Amino acid sequence: MNTINSLSRTGIAASTTSATVKPAAGATAGGARAADSTVVSLGAQQPAGPTFVWENRTRSTAAVMMAQNFGNEPMAGRLKGLGAELLRQVAYDGQDFSQSIQRAPDGVQADTYDMLVAPTQVSQHGMGDNRIALTITTRSGVKLELALDAGDNSVAIKAQGDGKLNDTERKALGKLADAFQQAVDGITEDPPRIDLAGLTQFDQGALASVDLKASIKLNPRETQKLDFHADGAGRSVSIDGPSGSAKIGVDLTQPAAWGSKEQQAKALDRYVQQVDQASGRGQARGAMPAMFKDAFIGMNSSYGTPAVPPAPDRMLGERDQALTTGLADFNASFSLPDVASNPARPSEKDSFSYELSQKTQISGKSAWDLSVSQQQQSRLKASYHQPVKAGATLALDLSSNSQNYKYVTIDDTASSNTSFKYDRGLLAKASHEMQAARSTRVLEVMFGKVTDDHTTPEGKSSSRDLMAELKGDVLPTGAWERAQALDAINDRIFLQANPDAIADEPA
């Protein structure tokens, strides 16, 4: 492994050429024993504070940050700034780097301008309770691995590559530094926050893939985990922790269906509205709904330049885009841990799970015979306890006097399907179908006895032939008026999980 000194980049003055080495406590007159540490005088006064033991004598901005974070931050904050600085250091120097810091054992001291170095005593890589790993593979095939670890008594960072980076790759890595740190800062917050948008924006001309794995210890019994991957074909993330679990996968192989930035922002807003409505109806609590929305928005915030651009004659036109969401296809879901909140009836679990997806199929060799269909779907399953009277407070225990409540079970499905087809270059078919079905079961219990058990089904569907609205002689000819008319058609294709939100078919 090559260790590097980045002081020329940062301007931090520390002389290692004139460093003197003296034995630390426990060394013999003939020299330091192999297992002992040495004290390296770096020739630069450091602030007074705890004595640290370092893996090696290499100084850098990252090492200074490690000491500052260790002395001034709680464990969750000990990775502050380190992800960005380590990636910038690799981008600038193009070499491997490794450093660890530990608090020195009681009784071991060094002057404030000295650095205790004990390679054999410091082996903290991969040992911290908070572990974050970033793996980047370049187009030339070089695999770069960065690792950050923070524990109660240590901080460790490492960057290692299996080949030489070229200038273009190093520049692309440097551009990801802030995005990496944003992801680190988000996942180490309490409650955790998912910030992955920046990592999806890597330079696909220089980099082939980006992977981020994190394991963060929230307390002695609970750990938050994250696993993210992005390449030219798609993106995926899985989240698992005490607040629940989530999975999101985005397919980037059909860029022909992507809309404008404005249309994508509109579609994201509509999908997030659906998530909010489902969370409210199913009484989803805790941090997971917000984490899921952050991740969903980040994974769809920008798709960049397609790895394989679509053929010009297969691109969707302005009128075609009005019949699609403009987003890339995806599968997304999240769920909360089941909770047995009623000790008298442990089988009555409070639960929540939600699924949301979009799938687009495009066929035909060109605009001459283009055929497109897009399906949006959602599924909500939830159950929860609530007071019999609004505003009352539940205090369920084993006594019959506490057993006054309603137990609600929800099972909802919704879909929206749009399809259109061209024949010899002319629009021959355009239709839209939508349906929403709800099932709400309410079990009412008074003093431990079931007094009512009823299920209320709701449902509505619609089917529209859009040809009359899309004909060339019907749409306005003015650019602004035409855009408004198409936007109004686009408004109606989005998923609606509430049957009451589905408009009646025209007479």
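The dialogue below goes through the cavities and aromatic contacts of a predicted model.

Me: How many cavities of 30 Å³ or more does the count give, and which residues line the largest cavity?

Reply: A cavity is a space where the probe fits but cannot get out, and by this rule the count comes to two cavities of 30 Å³ or more. The largest cavity holds about 40 Å³ of space, and its lining is made up of D251, Q254, A257, W258, L327, A328, D329 and T360.

Me: What is the make-up of that lining by residue class?

Reply: The lining of the largest cavity divides into four nonpolar, two polar and two charged residues. With Asp counted as charged, D251 and D329 in this lining belong to the charged class.

Me: Which residues line the second largest cavity, and what classes do they fall into?

Reply: About 30 Å³ of space lies in the second largest cavity, where the lining residues are H432, R464, L466, I489, R492 and I493. By class, this second lining has three nonpolar residues, one polar residue and two charged residues.

Me: Turning to the aromatic rings, how many pairs are there, and why is the pair of Y271 and F296 called edge-to-face?

Reply: The count comes to nine aromatic pairs. In the pair of Y271 and F296, the ring centres lie 6.1 Å apart and the planes stand at 80°, so the pair is edge-to-face, given that planes over 60 degrees apart fall in that class.

Me: Which geometry does the pair of Y271 and F330 have, and where in the chain do its members lie?

Reply: The rings of Y271 and F330 have centres 5.1 Å apart and planes at 90°, so this pair is edge-to-face. It too links distant parts of the chain, with Y271 in helix α6 and F330 in strand β13 (residues 329–339), 59 residues apart. F330 counts as buried, at 1% relative accessibility.

Me: Which residues do ring pairs link into a cluster?

Reply: The cluster linked by ring pairs consists of Y271, F292, F296, F330, F334, F352 and Y354.

Me: Where does the charged end of R78 sit?

Reply: The charged end of R78 sits over the ring of F70, at 4.5 Å from the ring centre.

Conventions
Residues are numbered from 1 along each chain as its sequence is written. This is a predicted model: local features need pLDDT of at least 70, side-chain atom pairs count only at pLDDT 80 or more; totals for chains, interfaces and linings use all residues. Side-chain values use heavy atoms; hydrogens and water are left out. On a 1 Å grid over the protein atoms alone, a cavity is a set of points where a 1.4 Å probe fits but cannot get out, and a pocket is an open set with protein on both sides within 12 Å along at least five of seven lines; lining residues have an atom within 4 Å of a point. Grid points are joined across faces, edges and corners, and a volume is the space filled by probe spheres set on the points. Rings of Phe, Tyr and Trp (its six-membered ring) pair if their centres lie within 6.5 Å; planes under 30 degrees apart count as stacked, over 60 as edge-to-face and the rest as tilted. Helices (H or I, at least four residues) and strands (E, at least two) are DSSP runs, numbered from the N terminus. Buried means under 20% relative accessible area, exposed over 50%, partly exposed in between (1.4 Å probe, protein chains only). A charge sits over a ring if NZ of Lys or CZ of Arg is within 6 Å of the ring centre and within 35 degrees of the ring normal.
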